[in-house]
Amino acid sequence: MSGKDQVIKKSGRVTEALPNATFRVKMEDESEVLAHLSGRMRMNHIRVLVGDKVVLEMTPYDDKKGRITLREK
């Protein structure tokens with residue numbers, strides 16, 4: 001298996017916006033995660049604001065960091 005096969009997808013809500021397109025996200029299981037925007041979301045200028053519901057990709061190795069790949073309405 002390669003690295004892309006081992007991705008875990010979870011959803012949460014943005015609670016704080018930090019510098020360099022980094023966000024603090026509260027997951028549905030009440031844990032806090034530090035997440036950054038994916039390159040595709042940066043290229044397409046998709047804005048993520050506090051309170052937005054987002055989908056994260058996380059690796060099984062580190063459960064405190066993630067990548068925001070989708071902004072839900």
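Author: Leaving aside neighbours within four places in sequence, S38 is in contact with R67, I68 and T69. This is a predicted model, where local features need pLDDT of at least 70, side-chain atom pairs count only at pLDDT 80 or more, and totals for chains, interfaces and linings use all residues. Residues are numbered from 1 along each chain as its sequence is written, and side-chain values use heavy atoms, with hydrogens and water left out.

Reader: Why is S38 called buried?

Author: Buried means under 20% relative accessible area, exposed over 50%, partly exposed in between (1.4 Å probe, protein chains only). S38 has 10%, so S38 is buried. You'll find S38 in the loop between β3 and α1 (39–43); helices (H or I, at least four residues) and strands (E, at least two) are DSSP runs, numbered from the N terminus.

Reader: What makes β3 and β5 (residues 65–72) a pair?

Author: Two strands pair if DSSP finds at least two bridges between them. β3 and β5 have 4 bridges, in the parallel sense, so they meet that definition. H36, for one, has R67 in β5 as its bridge partner.

Reader: Which order do the strands of the closed barrel run in?

Author: The 5 strands go β1-β2-β3-β5-β4, with mixed pairing.

Reader: Which residues does V48 touch, not counting those up to four places away in sequence?

Author: V48 touches V14, F23, L37, M41, V54 and R71.

Notes: Contact means heavy atoms within 4.5 Å.
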